[in-house]
Amino acid sequence: MSINTRRCLFLLEKCRNMKQLKQAHGQVITCGLGENSFALSRLLAFCSHPNLGSPAYGWKIFEQTQEPTICIFNTMCKAFLLKGELIRTIGIYKNMLKTGMYPDNYTLPYVLKACARMKSCHLGELVHGQILKLGFLIDIFVGNTLIGFYTAFDNVEAARFVFHEIPCSCVVSWTVLISGYAKRGDVYEAKLIFDECLVKDRGVWGSMISGYVQNNCFKEGLKLFRQMQMTGIDPDEAILVSVLSACAHLGSLDIGIWIHRYVEKLRMPVSVKLGTAFIDMYAKCGCLNTAEKLFDEMPQRDLICWNAMLSGFAVNGNGLKALKLFNEMQIVGIRPDDVTFISMFTACSYGGIANEGLNLLNLMCNVYHIEPKGEHYGCIIDILSRAGLLEEARNIVQNMPGSSDPSEEAIAWRALLSASANHALVDLAEAEAAAERIAQLERHSGAYILLSNIYVAAGKHDSARRIRKNMLSQYIDKVPGCSSLEINGAVHEFIAGEKTHPQLVQIHELLETINHHLDTSIHILHGSD
């Protein structure tokens with residue numbers, strides 16, 4: 001290899017931007033390496049970089065290449081895939097097949113990922129056929145991508161079939177399959193697969209913990225986190241974010257504080273995602289000052305981070321601080337989304353500032369052009385009803401635009417029915433109409449319970465009993481109430497009507513003792529009178 005050739009290849013490795021790459025490309029051509037496969041692959045590899053590269057420039061190089069190798073084809077597939085140009089990714093693959101070249105274990109995963117992102121299950125199934133024909137299912141990289149492809153379409157049956165067809169599955173195979181079942185909401189099956197896995201790394205544990213949290217099984221997620229700790233595996237950022245989310249929903253402050261100290265002890269870098277999880281946890285556990293301090297100290301914040309802090313102010317009833325932060329958010333150029341406005345409407349509702357809520361609705365619709373959903377209407381109705389403007393709330397519900405999702409409309413009607421139940425002068429006819437509309441939209445016990453309570457409050461006990469009988473005849477069960485309590489880092493859960501707590505007998509005995517003391521105290525007080 002000549003000195004000039006070595007110099008050209010050295011320049012290619014040192015490129016830091018497209019300007020330098022174009023200069024190096026000129027040197028490559030001058031040195032007679034315009035058709036050198038290695039030089040071309042290095043040029044195209046830089047062009048495929050998601051931040052620094054340029055697929056358009058790479059495409060020009062590719063078009064001028066007389067006999068592209070499989071490596072060059074793969075690099076172009078990767079370049080377009082990383083830039084989200086999925087149709088062109090498939091186009092490169094088709095061109096490769098037309099030249100008579102066969103794909104390898106790098107090509108097929110790129111194409112499968114493009115099919116998944118395009119939501120084209122049929123095209124992915126055709127690629128699956130080629131994988132079987134060419135015998136690539138034995139390749140673990142191709143097999144894992146194929147499992148991920150099918151889980152992207154919630155087809156866990158096909159994913160599991162592929163999983164069992166792979167001759168030697170690895171921890172990634174188990175992780176992808178567990179995540180697929182969890183994503184579909186089948187945590188029971190996900191846990192069975194998790195238990196079958198003999199070698200569990202951080203990824204396998206993380207997929208199951210995340211699966212529990214995503215499906216609102218927060219207590220189970222924390223329990224599994226403790227089991228993972230006992231195996232000696234250290235959590236990564238993704239696991240900590242999942243556990244902090246569980247802590248936030250359960251109000252498990254002690255575990256959240258322990259995680260915070262753990263992160264500080266290891267001097268782990270706090271990313272925007274992890275910092276947001278801490279803010280959300282502290283805010284939902286009532287430690288608003290700590291959440292605000294963390295938010296102020298964060299060097300970078302994304303929209304989700306701002307939303308977490310706004311939500312924290314909202315759920316803690318600090319509407320004025322939420323409005324102030326919302327204004328700051330707009331000043332720094334962060335564009336609010338639909339989640340932002342749900343937090344803001346909640347803040348206005350709890351803070352009793354109805355006018356601000358209506359101004360925000362106008363801003364949302366006419367400035368940011370965000371179409372209100374059922375949750376937004378539900379919040380607005382709550383704002384108006386708390387301000388005593390029940391008639392205005394009725395007009396909003398009745399003039400709502402139609403939605404393709406019945407549950408969206410049901411949220412607004414349920415908010416109106418709840419507002420009617422809390423109003424001093426209940427219009428029974430309107431309450432009945434709202435309940436009837438909710439029953440048409442969804443099969444849920446909430447509307448029946450609210451209407452029954454309204455009848456009881458109005459002294460119409462026969463009507464209340466009729467509602468309860470209708471629920472029984474239609475097999476509509478009331479969702480039992482649930483409360484949780486954290487003691488010494490352990491979360492104790494109590495569900496109405498269930499007697500599953502292991503210390504229930506002792507709890508009842510203590511309650512009876514307290515009642516006895518109260519009765520004695522009352523008797524003494526009355527005796528002294």
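A nonpolar surface patch is made of residues with over 30% relative accessible area and no salt bridge, with nonpolar side chains joined within 5 Å. In the predicted model examined here, one such patch is formed by Leu510, Leu511, Ile514, Leu518 and Ile522. Together, these residues present about 460 Å² of accessible area. Leucine 510, one of the patch members, is located in helix H29, which spans residues 504-528. Its relative accessible area is 53%, and leucine 510 is therefore classed as exposed, the cut-off being over 50%.

Two buried positions were also examined. Serine 41 is part of helix H3, comprising residues 37-47. With a relative accessibility of 9%, serine 41 counts as buried because the value is under 20%. A polar atom of the serine 41 side chain lies 2.7 Å from the backbone oxygen of phenylalanine 38. When residues up to four places away in sequence are not counted, serine 41 touches Cys71 and Thr75.

Proline 55 belongs to helix H4, formed by residues 55-63. The relative accessible area of proline 55 is 7%, and this residue is therefore buried. Its contacts, again not counting residues up to four places away in sequence, are with Cys47, Met76, Ala79, Phe80 and Lys83.

Conventions: Residues numbered from 1 in each chain as written. Predicted model: local features only at pLDDT ≥ 70, side-chain atom pairs only at ≥ 80, totals over all residues. Heavy atoms only, no water. Helix = DSSP H or I, 4+ residues; strand = E, 2+ residues; numbered from the N terminus. Buried < 20%, exposed > 50% of the residue type's maximum accessible area, 1.4 Å probe, protein only. Contact = heavy atoms within 4.5 Å. Patch = residues over 30% accessible without salt bridge, like charges linked within 9 Å, V, L, I, M, F, W, Y side chains within 5 Å. Areas by Shrake-Rupley, 256 points an atom, 1.4 Å probe, with all protein chains shown as cover. Salt bridge = Lys/Arg side-chain N within 4 Å of Asp/Glu carboxyl O. Polar contact = N/O pair within 3.5 Å; in protein donor to acceptor, adjacent residues only side chain to side chain.
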